Amino acid sequence: MADRRPPVRILGNAKPSLSRSGMKEYVRMGTQADLRTYEIYQRERVHEATEKIRPIELVSPEFVRDPYPVFETLRENYPCYRDWMGNAYWLTRYDQVTSVFTDDYNFETRPKLWFYRMTGYGRDLRQEIPVQTVIEKTYDQHVVPLTEQLIADMKATGETDLATAFAARLPLELLTRALDLPREDFSSFVEHYWLMQRGYDWNPVAEKAGRQAMAALADMFRPLLAQRQPDPGEDMISAMSGLTLEDGPVTAEDIVVTLLEMDHETLHGALANLWFLLLTHPKERQKVEEDQRMMKFAYLETLRHSAPVLWKKRFTLHEVERFGRLLPIGGLFYCAAGAANRDPRQFKDPARFLVDRADLCQREPRGHYRADGLASGIAMGLGQPSKHPALPEDRPRSLYAITRDTAVTASNLLLDAFPNIELSPGAKPTLKSLRLGEMHTCWHLPVHL
Amino acid sequence: MSTNSDIAGSFAAGFARAIDPTQLTGDADTGALRDFPLMPLGEHVDMGTDENGKPLFDPRIMMSAEFRRNPWPYYRILRDHYPVYFNKLNNTYYVTRYDDMTECYYDDIAFNTIPKGSSNGVLGNVTHELSGVEHRRRRNLFGQHLVGKSLENRIPAIERLATEMIDDFDNLDDSIKQDKDGVRTIELGRAFAYEFPVRVVCDVLGFPEEAREHFFYWYDSIMGGLGASDTHKQGMEARQHLQDYVADIVKERRQNPTYLYDNDGNEMGKDIISKLCESQVDGDYLSSEEITALIALVVAGGGETTRGTIMNMWYSLLQHPDQYNAVVEDEALWDAAFHETLRHSNPIGGQPRHNTFDVEIHGVVIPAGSLIEMVNFSGSHDERIFKNPDDFDIFRDDLYSGKLLRSGYNKEGKCSHMAFGVGPHMCPGAWISHQEGVIGSKILAKRLKNARINTSMMPKDIDGESLAPIGINKLRDLWIDYDLD
């Protein structure tokens, strides 16, 4: 990913020297902030006190289970909330969250690799056209036969758990097809892929497992890369092996990093949440049954109503005045898409799941979040929404669109195969994150076919 | 060729290995809050090790009760294995070694104090949020009244205030005093340590005596209301209340300055507020808001910390009767006891800094503008500097306990402790708090004959027998028995 930081300027006459502690004089890497001597950030007054919320609520188990009450408190009272405990700001209104997502000049996106503290381990090749082309092709090609296969597996049992047998499995099956992995590697790929995706945040045990999983994945890809370089097939690894990059040939680590940054959360989370919502909202489900074209709208509404990725982190690149505050350089912003998607300033009756919602944009957002004068739900797609309104014909669809089409096609097949699908008697499914900061989705959705 | 169900099985197997099934069904390990078991002192909870055998560090421990009572082994892990530790839960970097911290403190260009920390809002425009020349000029405005000649002038008053309070022990409320069989039991905190610093600060500031009753409210609320607390609003209200109070005094003293007097009634010059009213920065008089901010800092900094230090010092000394007896024998040792207390159980954990540009320390790149916590508490327990750092020993030969220096002290095997910080932002109240702690304790020790801890009234540690450790808390209550005549 291109470095968007300002050019490095070496300061003063700092000469590396060895101090008594053996701490090599810290390296002055350039200036980003002018030194201020008398500046005021967020000088709060008594009447501005944020006493309706305690910062500890943002890390509590209740918040992990259901963040929406806290989101509402923040959005309606403290739109740019200074969380002293987490040393961060929370943005919760639709306009403000989208304004940060589309402002690469002032706000930096740090890759997951940065949170692993492994910058330089490998390169993210998601944006390479040949890679995107293969993803588009393999996903389009495999989604129907794969879903049919999953349906056949489910039919054999009569009862099944949609969350694991369908929503969790389909994205990884597709990914193995796109990578063209040997079938015997599937189980260990699933394990390592998941561990890698769960490891970049704050839990040190998960981080260690994640690092080990990344090494294991690299070991898995290394022979495949060597084998496919001279004799490329039509898969992601071959596509990557054929790339000519400025800074050296593609390595197995690059493939790992690409998978890490690409992730599966929107597809997995949207499928699980979509079916959770359809099964618990019979009226809405009926609309989809009557006209299958509504499935796409149900998918978009799912991402709005129950976004699997609740927030994304951004960091200020410069000191900047926004949201009524002077924001310091390096400030961490939680851009809460989950809160913005239920902003009543944008969506009427936002807590309601309504597949034929009139105020939700039905088109892919391209660099901006509105079209036709309507606000769109912030779907945290795979990758950024594309920046260019007019894409050339030969460019693949964005990952956002590929994901949407995959989810809609698969869900329609499922509905066709099991028209009488119902929640198992007594089942009380809910959405939750397994750990603070992870995807908010339905992990247990037992159904009677 | 594998069958469908084989593949489904292999997916389920991989999935189950990556995600603990109890996480899917129950609420295990979901939030960022976790209960950790309380460990014997000096031992840490097993948080696992990485692939090279290096201990892992769970950031949730820093919010736990275990950490507050038994922080030493955890900071040791950080010092030994993560000299710069990035806590992703609170987006903060921790610097824990003595030498690293000292270098960072000295460099107030790279590690600035601009107000992104949690104290602003409550305290106001205080000097610890300034840097460079601006900081020096404003700090000196009030700092000069707390050191040197001005301080010497205050010593008789400190002695008088301490004596007055101790003379009054006979009249203490029954809830903190019991006399039985020639032995008196008092709670040192409410009897002396809480209020003594307040009286001193009141006196130094030249506040009227009736201001004392507001003081507990002010400094409890301001200290308790810093930043990430539930009581943030209360802190800001208290500051507003203080500001309103000071505004009236300032208005009055701009017209009619008031003076300090020694014990014999001789005039010793104007009090701090009167002097601040006359002070100018760049030709402008200070506004009453600026004066309030300076006073808020003196109020908050001068009360809570000194009372914590007096309590911690007496608790530690009385748990080591040989050291206590030595101090009683030789009053010159009180200085060493004071400094060893601050080294061993410093009531302030650390100080925040922000890096002005990207820096790399011990291989960790810290992006510009990050919050870096300099953990003074850990620096004072750095075994690279102090032998057996977790032992309380006033006779240790590696702790400097001479005149406090802003530059810190690090010569001939002796180092100053980190409790006051070092460098340009070193605590401006260090000198006066030293005098308060030592003078107050000297007088106390003379009066409290055969002092010892009343163990039955004190909270116990997890074994149910030994006394609870101080940890990074300040001691709340300290029950002391002493002989009446």
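Leaving aside neighbours within four places in sequence, Ala336(A) is in contact (C-beta atoms, placed from the backbone, within 7 Å) with Phe71(A), Trp90(A), Leu91(A), Thr92(A), Val97(A), Leu310(A) and Trp311(A). This is a predicted model: local features need pLDDT of at least 70, side-chain atom pairs count only at pLDDT 80 or more, and totals for chains, interfaces and linings use all residues. Residues are numbered from 1 along each chain as its sequence is written, while chains are lettered from A and ligands numbered from 1 in the order in which they are written.

Ala336(A) also belongs to the largest nonpolar core, which has 110 residues. Such a core is a set of buried Ala, Val, Leu, Ile, Met, Phe, Trp, Tyr and Cys residues joined through C-beta atoms within 7 Å. Buried means 20 or more other C-beta atoms within 10 Å of the residue's own. Val256(A), Leu271(A) and Ala336(A) touch the most other members. Helix H6 of chain A (residues 162–179) gives the most to this core, 12 residues. Helices (H or I, at least four residues) and strands (E, at least two) are DSSP runs, numbered from the N terminus. A second, separate core of 109 residues includes Leu78(B) and Trp314(B).

Next, helix H7(A), residues 186–198. Of its 13 residues, 12 are buried, among them Phe186(A), Glu191(A) and Arg198(A).

E4(B) (residues 177–180) and E5(B) (residues 183–187) run antiparallel, joined by four bridges; pairing needs at least two DSSP bridges. Gln178(B) has Thr185(B) as its bridge partner. Two residues lie between the strands of this hairpin, where Asp181(B) takes a positive phi near 50°. Five bridges join E5(B) to antiparallel E17(B), residues 479–483. There, Ile186(B) stands opposite Ile480(B).

Technical notes: Contact = placed C-beta atoms within 7 Å.
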